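Here's a quick tour for someone who likes to read a fold strand by strand.

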Amino acid sequence: MISNKDLMHILIADDDEDDRTFFSEAMTELKMNNKLTLFNDGKDLMDYLTDPEITLPHILFLDLNMPYMSGFECLKMIRANNRFRDVSIAIYSTSSSEKDIEETFIEGANIYIKKPNDFTKLKKVIKEVLNINWQFHSSGLNKETFFFSI
Amino acid sequence: MKLYIKYDGIVACRVILQEQLERLDIKYQLLDLGEIEISGVVPPDVMAELQQSLNRYSIFIVDNEKSQLIQRIKDTIVQMIYENEKLPSVTISQYLSDKLNFSYGYITNIFTEHTYSSIENFIIIQKIERAKKLIIEEQLTLTEVSYKLNYSSVAYLSSQFKKVTGLTPSAFKRIVDKRRSISS
């Protein structure tokens, strides 16, 4: 039974150590119970995801700019696999070009985050993203038309 | 070839419930708003099987009183937004209070306490969900959508749409259309 006491499984892939720290600090300050797993790069993330034993995450945050395998490539691979249909994917990037944003949505991202400069803003953004993602998850809303750009 | 479907989740859910209950030979009556009256006693193993078969469809039997009320609140809101051609003209607080037989203060407190959100927020998200359906499935114009959902103007609908999704309704439609053409 879904309740607000349910644990939200969150994955983050980002090659920048500072960013990973910011994200995990922001998450620990939230009200929602969450379990966070961090990855340094796209390849580690994809290796993890392809393991059939794992519990699927509710939401996955992908940095667009990663070496070896970019967030965009990960996005395409994940969306090509039906197994991850209910996983929300949040892409974040420093780019604020409308074209880039629409491109990531077209390729199957649900959420696009323009990386804010300061930590307070980042916390606020993450809170909004997780909140709305939880609304979609707990109310059985249609993930295929779930978009959130912030 | 590709098929496009339109569906009514509420009807689908009702049919699933009927099929599963009948399959297990349980005497029932489907009441309004997510309530089922079961006549007679259902042995625990049959109940467990029912739960398991319903879980496959993401249908859960709610066994906690507060959760039940939350679900009823959500169902009432969804029904309010989807049932008529046009949203009711009485205020939402009055509507919910009348339908659920609790004061609006009590309803909002329980809702906020047990979800990560407020009722207002939930209602707005549901209205925008319906707006998305109307835009994509029924190809309605923004004027028609704002009329159906009781927005005072297209501008107001667009601004609320943008607030909830970060996209304008036209950008939304463009993205969905492009996504569909890619996957074909």
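This is a predicted model: local features need pLDDT of at least 70, side-chain atom pairs count only at pLDDT 80 or more; totals for chains, interfaces and linings use all residues.

Residues are numbered from 1 along each chain as its sequence is written, and chains are lettered from A and ligands numbered from 1 in the order in which they are written. Helices (H or I, at least four residues) and strands (E, at least two) are DSSP runs, numbered from the N terminus.

**The sheet of chain A**

- Six strands of chain A make an open sheet with parallel pairing, in the order E2-E1-E3-E4-E5-E6; two strands pair if DSSP finds at least two bridges between them.
- E2 (34–39) and E6 of chain A sit at the edges with a single partner strand each, so one side of each has no neighbour in the sheet.
- Strand E1 (residues 8–13) of chain A runs parallel to E3(A), with 4 bridges between them, and Ala13(A) stands opposite Leu62(A) there.
- Strand E3 (residues 59–63) of chain A is joined to E4(A) by 5 bridges, again in parallel, and Leu62(A) has Ile91(A) as its bridge partner in E4(A).
- Getting from E3(A) to E4(A), the chain passes through H3(A) in a right-handed β-α-β crossover; right-handed means that, with the strands pointing away from the viewer, the path from the first strand over the helix to the second runs clockwise.
- Strand E4 (residues 88–93) and strand E5 (residues 111–114) of chain A pair in parallel over 4 bridges.
- Across that pairing, Ile91(A) has Tyr112(A) as its bridge partner, and Ala90(A) stands opposite Ile111(A).
- E4(A), helix H4 (residues 98–106) of chain A and E5(A) form a right-handed β-α-β unit.
- E5(A) and strand E6 (residues 148–149) of chain A are parallel and share 2 bridges, with Ser149(A) as the bridge partner of Tyr112(A).
- Which hand does the crossover from E5(A) to E6(A) have? That β-α-β crossover, through helix H5 (residues 119–138) of chain A, is left-handed.

**Burial and cores**

- E4(A) is mostly covered, with 5 of its 6 residues buried; a residue is buried if 20 or more other C-beta atoms lie within 10 Å of its own, exposed if 12 or fewer, and partly exposed in between, with C-beta atoms placed from the backbone.
- The largest nonpolar core has 48 residues, and the members touching the most others are Ala13(A), Leu62(A), Leu75(A), Ile89(A), Ala90(A), Ile91(A) and Val129(A). A nonpolar core here is a set of buried Ala, Val, Leu, Ile, Met, Phe, Trp, Tyr and Cys residues joined through C-beta atoms within 7 Å.
- H5(A) supplies the largest share of this core, 6 residues.
- A second, separate core of 9 residues includes Ile70(B), Val78(B), Ile81(B) and Phe111(B).
- Beyond its neighbours within four places in sequence, Ala90(A) is in contact with residues including Ile59(A), Phe61(A), Ile113(A) and Val129(A); contact means C-beta atoms, placed from the backbone, within 7 Å.

**Helix H4 of chain A**

- Ile101(A), Thr104(A) and Phe105(A) are buried in H4(A).
- These three lie on the same side of H4(A), because they cover an arc of only 100° around the axis; the arc is that of the directions from the helix axis to the C-beta atoms.
- Their cover includes helix H3 (71–79), E4, E5 and E6 of chain A, along with helix H9 (169–182) of chain B.
- After H4(A) comes Gly108(A), with a positive phi near 115°.

- Chain B has 9 helices and 2 strands, in the pattern α-β-β-α-α-α-α-α-α-α-α along the sequence.
- Of its 184 residues, 18% count as buried in chain B.
- The contact draws 23 residues from chain B and 19 residues from chain A.
- On the side of chain B that touches chain A, helix H3 (65–82), helix H6 (119–136) and H9 of chain B each supply at least two residues, and H9(B) gives the most, with 7 residues.

Technical notes:
Two residues are in contact if their C-beta atoms, placed from the backbone, lie within 7 Å.
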